[in-house]
Every structure is written in structure tokens, then in C-alpha cells.
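Colleague: I would like to learn how to read a model of this kind. Could we take it feature by feature?

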Amino acid sequence: MTDTTFEPTIIGFTCNWCSYRAADLAGTARMKYAPNVRLIRLMCSGRLDPTFVLRALSQGADGVMITGCHPGECHYIEQNYKALRRYLLLKRVLKGMGIEPERVKLVWASAAEGAKFAAETTAFVEEIRKLGPLHWRKKSDQFSVISEAEQKEVAA
Amino acid sequence: MKPKFAMYWAASCGGCEIAVLNTHEKILDVDANFDVVFWPVAMDAKYRDVEAMEDGSILLTLFNGGIRNDENEHIAKLLRQKSKILVAFGSCACEGCIPGLANLSPVGEIVQTAFHTLTTDNLHELYPRSSFDVPEGELYIPKLEKVLRPLDHVVDVDYYMPGCPPESHQIAAVVDLVIKVVKGEAELPPKGSVIGAGDSTVCDECPRARNVKFIKQFNRIQDVAPVDPTLCLLEQGIPCNGPATRSGCNARCPNAGAQCIGCYGPAEGVLDYGARLITAFASVIDANDPDEIEKILDGIPDPVGQIYRFNLAGSLLKANREAWKVK
């Protein structure tokens, strides 16, 4: 079931040397893509601490997009491979926490690939739209005591 | 009049209490310098006695255990009100610890597992109820909450003392400090500090030799034979949680030939313990091909249990999504 009124909130972590420029290129070329993504520029996808992703998801993001240079083209030699390994382990952890691993996506896009960046962003927004809102609990008071009715349900 | 001392256990195993007793004769210093007013494990006391105390009349309360039911929550709030210094004592109160792993399951499933296991015939489908009428009146048992919460999710906490349990020499040092503060010979650390622990990582205290790590395969420690007693365990492909874990235990487990499992919680400045471990493990994998990386990651069959064994309830995500639903 797709909620047509649901607009996903996406946080995008982009590499300064490639995908951030790809986004720039998409902008200067006036390509159209989904406006749901909020880009945060990092110096490299290898700078991406998985904490950023977990914090984004726990604070209201419905999906996180990580973009970096193509394999072998990292400005810092091989940090995008580290990002890849973190991403693959992070997805396993998300699955264990009941979050669809598809909510986090890794995309390689060079500085010349504005069109690819725009297309991938739009595709990702649509994927998240299908998954629906994440609605992660932001505060622990939302974890409070079970209501009487729920208590009966547990006991039943 | 001696200052008052209290210690309470909520959702915990009792190991923290044992660790306090393990301070040996230091426990006599506690008795000599404090008036122990409330300590359910060690002495008889009633909640109503605590309720009758003046607000802020207890100088020091060591609170161990997480908040799992409404009784835990009530006592946490009560002790906060009555205590000047409230210490989250031990991993459960700091970050959920092993009881926090129940946050991976909905509460209904937990009750089912406990009352309907392979070895338990629950023929009459009997489950606990929060209240029950008997001729003498209404009996009441605490209600479970959806998830386990660390103490500071419920009340304001002054200090954190990590460890499962906190090391006895660290407890002794903290007791000494508080006694000195009472006598006016020392000052308390700033509020919110982690006390009775170091500010670095377990690796920093670990005597094993460290080199650049290239891991082609992760193994459980029992599957590695022989384990090199002098070489970094992570370097031998054994997932060791030392890189993310706070120092303070003198690297007890790696010294004894076992991997660090992370009971001292996140090191200074680490916002999410598991995320730091993801980074640590991912950095040492010696592969750049996605399929090969996946194969190496298969060597960590339970990633959440591995990276959040002590820290799930205190992590950024706090609980499995299913745990919020009751059934």
C-alpha cells in the first residue's frame, strides 16, 4: 500500500570530490529530481561514520543515501572501499533492528554524472515512498508503560 | 550524624551487589562513614520508609539495573527525589546491559518464552496478571514496560559508573573519593561524568601486540586453535570489542585470553557504541569486492548481539522496531 500523501525525508551524505559535484552539475544543468533529499557534504564517503546514519534514522529520516566516488577513483586512494564495508555491515545491523536494509543506499557517482545522481535520487525516493514512513521513536518517554488494554493483550 | 547511603537494584542480576561486597574490608569503610538506610539485598527496608524520608536526605545512592517495569520506574523516581547524588551503577543502569537485549523482542513474545518454553508445560495457559483479587484484598505485581530503559532515560543522573559489574578496585576508589568529599578533602567531578573508569579504550590497556590488520575471515574464539597469547585478538580474526570499549578494567578479558565483549560501555566521545564497532570491524576487512566482503561478514553471525551486547537500550536506535508493538 502506497501512501500518496507521504513525502519521505531523506538525508544524503555526499563526497566533496565526486557526488557533491554531481549534484551541483545536476543543478546547473537544471535537471529535475525529487526534492526530498537533504544533502550533507563530507570530504569523502570514508568520512561516513555509521553513527551519522543511525542518528539520522533515529531522529526522523525515512532513508539515508550515501554517495561516493566509483571504486578505484577515491581522492584519498581507497577510503570509498571502507565506506562500502561499513555500509554492508551496517545493513546487517539495521536488519537485526527491524529496519528494512533498503532504507540505506550506497551510490557511486562521479563529478560528471549529474544525470545519474538525479536519477538515483528520484528512484531512491520512490523506493522509500513504497516502504512508508519509518517513524522511529525519538524520545524514550514514548517507551512508557503499556496501557491496561495492552497489558490484557499480553496476558491473554 | 553520618551521611546516608542507599543502593537499589532494578532489572539486573545482582552481580553489582556482589562486586560491592568484593571490595572486601572497604565495605567496612562504607559502614563506618555512612548510615546505610536502604539496600534491599543487604538489609530489610520498606519502600514506605524511603517515601517518609525528607527530599535530598540521602547523600549517595548507587542505582543498578535498568527500568523494565513500573515498580523500577517508581523507585527510580523516588530515589532521585530523596538523593543528593544518584549514580547509575553498572552497565544495566548506564546502558541496559544484557537485560537490554530483550529490546529485540516484543514484550508479548518475552512473556510467551518465559511461560511457554520447551521445558514448561503451561497446560492451563496461565500468565501473570498485574492485579488479582483474593479474600484479603487486591494483590498487585509490577507491570512490564514495552522496552527496557537505562536509568537516565527516566530520571536525571549525576554520575555514571560503567562495568558489568564495575571492577571492585574502581568501586573502592569511588568510595574513597566520596568519603574524602564528605570530609571536605576533595571535590566531586562535574555532573554527568563517568566515574570509576578510564577515558580511553580497552585496546589502550591491552598488552597484546598490535600490527596492521588484514582480516580474511572472522572466527569465534573457540574455533581458533591455537590462539596466539601475545597477538591482538582482532588481528587473529576474533571479533574483539576493545576498540570501542571504555578502559578501566585493565583489559581483563584479553589478558585472560578471551575477547573483550564491551561491558564497560562506549569509550569517551563515542555516541553510538555499535557504530564505532562497525567502523572498527569494517576497517580491518581485507577485501574490496562486495561478494567477498559479504562472505567475510558471514563470520559475524549475530551482528546486533556482537556490537550491542551491553549497549542496545542505550544505543541511538534503543530497540528493535517490533518491540514497540505489544504483540
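Predicted model: local features only at pLDDT ≥ 70, side-chain atom pairs only at ≥ 80, totals over all residues.

Colleague: What share of the contacts in chain B with a separation of 6 or more comes from residues 24 or more positions apart?

Modeller: Such residues account for 77% of those contacts in chain B. As for secondary structure, chain B has 12 helices and 9 strands. The radius of gyration of chain B is 22 Å, close to the 20 Å that the globule rule gives for 327 residues, so chain B is as compact as a globular protein of that length.

Colleague: What does the C-alpha trace of chain B span along its principal axes?

Modeller: About 65 × 60 × 30 Å.

Colleague: Now the sheet in chain A. How should I read strand pairing, and what is the strand order?

Modeller: Strands of a sheet pair through backbone hydrogen bonds, either parallel or antiparallel. In chain A, the 4 strands form an open sheet in the order β2-β1-β3-β4, with parallel pairing. Its edge strands, β2 (37–42) and β4 (104–108) of chain A, each pair on one side only. From one strand to the next, the twist averages 20 degrees.

Colleague: Over how many bridges do β1 and β3 of chain A pair?

Modeller: Strand β1 (residues 10–15) and strand β3 (residues 63–68) of chain A pair in the parallel sense over 4 bridges. For a specific pair, take F13(A): its bridge partner in β3(A) is I66(A).

Colleague: Which strands does helix α4 of chain A touch?

Modeller: Helix α4 (residues 114–131) of chain A packs on the sheet and touches β1, β2, β3 and β4 of chain A. The direction of α4 makes about 155 degrees with that of β3(A). Helix α2 (residues 50–58) of chain A lies across β1, β3 and β4 of chain A, and runs at about 150 degrees to β3(A).

Colleague: Last, a helix pair between the chains. At roughly what angle do the axes of α3 of chain A and α11 of chain B cross?

Modeller: Helix α3 (residues 79–96) of chain A and helix α11 (residues 290–297) of chain B have axes that cross at roughly 50 degrees and come within 10 Å. α3(A) and α11(B) are therefore oblique to each other. Their crossing is right-handed.

Colleague: Which residues meet there, in α3(A) and in α11(B)?

Modeller: From α3(A), L84(A), R85(A), L88(A), L89(A) and R92(A). In α11(B) they meet P290(B), I293(B), E294(B) and L297(B).

Technical notes. Residues numbered from 1 in each chain as written. Chains lettered and ligands numbered in written order. Pairing = 2+ DSSP bridges. Helix = DSSP H or I, 4+ residues; strand = E, 2+ residues; numbered from the N terminus. Axes fitted to C-alpha atoms, helices over the stretch in contact; angles between N-to-C directions. Contact = placed C-beta atoms within 7 Å. Rg over C-alpha atoms; globule rule 2.2 N^0.38 Å. Parallel < 35°, antiparallel > 145°, perpendicular 65-115°, else oblique. Left-handed = near helix turned anticlockwise from the far one by under 90°.
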